[in-house]
Amino acid sequence: MRRLVIVESPTKARTISNFLPKGYDVEACMGHVRDLPASAKEIPAVYKEQAWSRIGVDVDRNFEPLYVVPSDKKKVVKELKARLKDVDELILATDEDREGESIGWHLTEVLKPQVPIRRMVFHEITREAIQEALGHTREIDQQLVRAQETRRILDRLVGYTVSPLLWKKVASGLSAGRVQSVAMQMLVKRERERIAFRSATYWDLKALLEANKQKFSAVLISVGGRTIASGKDFDETTGQLKKNAKVLLLDENAARALRDRLLKGENGKPTVWTVIEVNERVQKRRPPPPFTTSTLQQEANRKLRLSSKETMRVAQRLYEQGYITYMRTDSVTLSSEAIHAARNAVQRRYGKEYLSDQPRQYSTQSKAAQEAHEAIRPAGTQMMTAIEHGLSGTEASLYDMIWKRTIATQMAEAILKFNTVNIQAQDAIFQATGKVIEFPGYFRAYVEGSDDPDAALEDQEMILPPLKQGDLVNCKDIEALKHETKPPARYTEAALVQALEKEGVGRPSTYSTIISTILDRGYAQKTSNQLIPTYVAFAVSRLLEIHFPDLVDTQFTARMEEVLDEIAEGKAEWLPYLREFYQGEEGLESQVKEKEQTINPRDIYALDLTDMDAKVRVGPYGAYIERENGGGEAVRVSIPESIAPADLNVSEVERLIRQKDEGPDIIAHFPGTNEPIYLLQGRFGYYVQLGQNGEDGVKPKRASLPKGVQPQNVTPQMAINLLSLPRTLGNDPETGEEIQAAIGRFGPYVRRGDTFKSLGKNDDIFTVDLDRALELLSQSSSKASQLLRTLGEHPADGKPVTVNTGRYGPYVKHGTTNAKLTKGMDAETVTMEQALGLLAQKPPKKATRSIAKRASRTSAKSSAGKKPQTAAKKSTAKKTATKKTTTAKKKTTK
């Protein structure tokens, strides 16, 4: 008997085939084989005249979805149908979550197999797990399928109904999403808190003391019986001292006066520093639970600086290669086999004293936990390390983090001892705190936020000298310290994932998609790991929170997720819920129709600069400031992309308007020509410009400021030097070619003909000489890309798949997608199957930037009077290439 097993990717197919008996053929469907139409051209001709076909859901016929097979999946479907003719049984081995269940169901609807069908699920790809799954197959879970389909329909209804309204009222090409809009609103709300924040200043003292020949520090905590104000006494949202705070707020003069008094002493006698109180407490710390999808993304962002998208991509590869368990889960449970394996590893590597007294199991706290039944951990029962697996690069780093976290769950608690010593000097009391790790326990393997446990242990310890009440200590120095309250921190990806999970918005499988979407659509920019909302996001948030408050309300969205969970469990009906949400008395459909008539686009602005009687608006060409000039006309000036909403203060606005009215300030004149040099701010930051824009259309010479140089630090000589670039250093003594030094997109470099070399970190663009340039240019150049082999045609579109070699070694190529060969692969022997597996792990490249991103970045100087661009075609979610649909027919209601 021959059996066909279908999985999502070639990598997963290759791994699982190693553990299946003879007679089992494994094929990859490359993700979803059908979905709702992504564009008008995918709508079958028979339905194009139907009004509902634009959405892809017939809301008047019980929300019947229109499923189609995208062109890049037709060949895959054809081949799978052909393979089905030669087998006696079909086994669907797609992932165990709702998405995987949905892919399996769509396969049956498209392939229409005439052989028995079995559903096979597993949470790790090991021989034992696959054999266990083969013996316990089941039917497709229709409740899970229905829950996933309801989610898809909800997302389509929100996106395709509200987005056109944004095009009309804000700017063309914008999009709204059921979950993305909530995440965007959270970023905007945090930025508004930063705008409202007003920094406050407070001072205290820090004493350098010595006892028993050991120096230590102590900070001032009270004076004259009054507690000194510290950071906790200030309001986190306003930055100001709390109204009920009964503390002494020191300014600079008071702090320095107290410092001088303590150093000089009283009545001609030096100040005596006496220990008046010593406290000690012991704390035990339990290891954190094993990783869920959320905590894995958070920790990978903190430790490895990986985005949520990158984390899930790497985790997917590790899972499909059989190294870790399924990576989309909100459970913290470990199987008994995993616990046993982890305990053996602890005893073997760290010794019995580091093993917890009893096997430690964790319980999932989330009420919505539903994706999978076990936490993310190393697959199998051996707990092999990354080195033992032969992993390298990012895969090794992420696996190592998962391995350590899993091992730590079965290790002994860490024991810490905290010491607090109060020391009196005149009427002032200082406090010194110490921390000693009495027993590291699980710290030996894992410390949250650190990728080096041993170094983290050393950093955590603050050892005080042995002290008791009545002891005298020596004061070596006292420093007056200034502190300023800081505005609420912007979200990082880790913090946003944590907040989404806490609010119940989205599910483990959606976090990375949510963040990628708000970045790709131009609603946020990622700078230094911070997610900064754009002015476009502010304008869209204003419209939604005023006119569609439910769509940006975390509780409303969390309740929608709960309903979807209830549908999956058979506790709720999907159709009544969709009808109420979309067609109810206050349903989305009627709300949008009403708002199309009542919303005035002039009321939808990004920011209201009340102190200046001005507003920040968003037009087809970007964000701009609009202010009435008193004569009935408005002054409009574009806002550079580099200015975040919270950084747009009064002085910055005045500078931008003055620069437009009066022209930029002259910072120097160029030697010889006496042409003025201006310091300007553009789309990509600050730059210097020689002269003004000429009427003949010739652009004046410009030079960007070097990385790290702030505009206020630009001197006249620096500006002249920048505009003197490129510098001619001389000629190559061998070829006679001219050699120049200049600054480009990727930093300073030297050039000879078509050969470029970046300067080293210790080289100065203004002083580098010919000898140094020749040394750099003599270094071996990177090998240009060369075609090595052609493997054949890609099954999805018939385009060639080739093996090439380039600057970073051999890689496979399909269209515009490149994938580097992994360790152990050889360019001469790599197969088509291996190449398809590598290419499947690479995200498809987008052909164009979204209009929303252009709107947030492009100059707004032409906003007034310009005709808005026509709405761009609705772009699909990032998984379009793997999650599109199949037959050009409507699904019959189950």
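This is a predicted model: local features need pLDDT of at least 70, side-chain atom pairs count only at pLDDT 80 or more; totals for chains, interfaces and linings use all residues.

Q: How many helices and strands are in the protein chain?

A: There are 24 helices and 34 strands in the protein chain.

Q: And what share of the residues is buried?

A: Of the 894 residues in the protein chain, 52% are buried. As for contacts with a separation of 6 or more, 68% of them involve residues 24 or more positions apart.

Q: You mentioned E1 and E2. What's the strand order in the open sheet of four strands?

A: The order is E2-E1-E6-E7, and the pairing is parallel. E2 (24-28) and E7 (117-119) stand at the edges with a single partner strand each, so one side of each has no neighbour in the sheet. From one strand to the next, the twist averages 25°.

Q: How many bridges join E6 to E7?

A: Three bridges join E6 (residues 89-92) to E7, and the two strands run parallel. Across that pair, Ile 91 stands opposite Arg 118 in E7.

Q: Switching to helices. At what angle do H8 and H12 pack?

A: About 120°, with the axes of H8 (residues 293-303) and H12 (residues 393-408) 11 Å apart. H8 and H12 are therefore oblique to each other, and their crossing is right-handed.

Q: Which residues in H8 and H12 meet there?

A: From H8 you have Thr 295, Leu 296, Glu 299, Ala 300 and Lys 303, and they meet Leu 398, Met 401, Ile 402 and Arg 405 in H12. By class, this contact of H8 with H12 has five nonpolar, one polar and three charged residues.

Q: And Pro 288, where is that found?

A: Pro 288 is in the loop between strand E11 (273-285) and H8. Its relative accessible area is 10%, so Pro 288 is buried. Pro 288 and Tyr 446 are 158 residues apart in sequence, with their C-alpha atoms 9.3 Å apart in space.

Q: How do H17 and H18 pack?

A: H17 (residues 554-568) and H18 (residues 574-583) pack at about 155°, with axes 10 Å apart. They are therefore roughly antiparallel to each other. H17 brings Phe 556, Met 560, Val 563 and Ile 567 to the contact, while H18 brings Trp 574, Tyr 577 and Phe 581. In the contact of H17 with H18, there are seven nonpolar residues, no polar ones and no charged ones.

Q: Last one: why is E22 described as largely enclosed?

A: Because seven of the seven residues of E22 (residues 676-682) are buried. Pro 676, Tyr 678, Leu 680 and Gly 682 are on one side, with Ile 677, Leu 679 and Gln 681 on the other.

Q: Which strands does E22 pair with?

A: E21 (residues 666-669) runs antiparallel to E22, joined by three bridges. E22 also pairs with E23 (residues 685-690) in the antiparallel sense, over six bridges. Tyr 678 stands opposite Ile 666, and the bridge partner of Tyr 678 in E23 is Gln 689. The hairpin of E21 and E22 has six residues between the strands, and Gly 672 in that hairpin takes a positive phi near 95°.

Terms used: Residues are numbered from 1 along each chain as its sequence is written. Side-chain values use heavy atoms; hydrogens and water are left out. Axes are lines fitted to C-alpha atoms, for helices over the stretch in contact, and angles run from 0 to 180 degrees between N-to-C directions. Angles under 35 degrees count as roughly parallel, over 145 as roughly antiparallel, 65 to 115 as roughly perpendicular and the rest as oblique. A crossing is left-handed if the near helix is turned anticlockwise from the far one by less than a right angle, and right-handed if clockwise. Contact means heavy atoms within 4.5 Å. Ala, Val, Leu, Ile, Met, Phe, Trp, Tyr, Cys and Pro count as nonpolar, Asp, Glu, Lys and Arg as charged, and the others, Gly among them, as polar. Two strands pair if DSSP finds at least two bridges between them. Buried means under 20% relative accessible area, exposed over 50%, partly exposed in between (1.4 Å probe, protein chains only).
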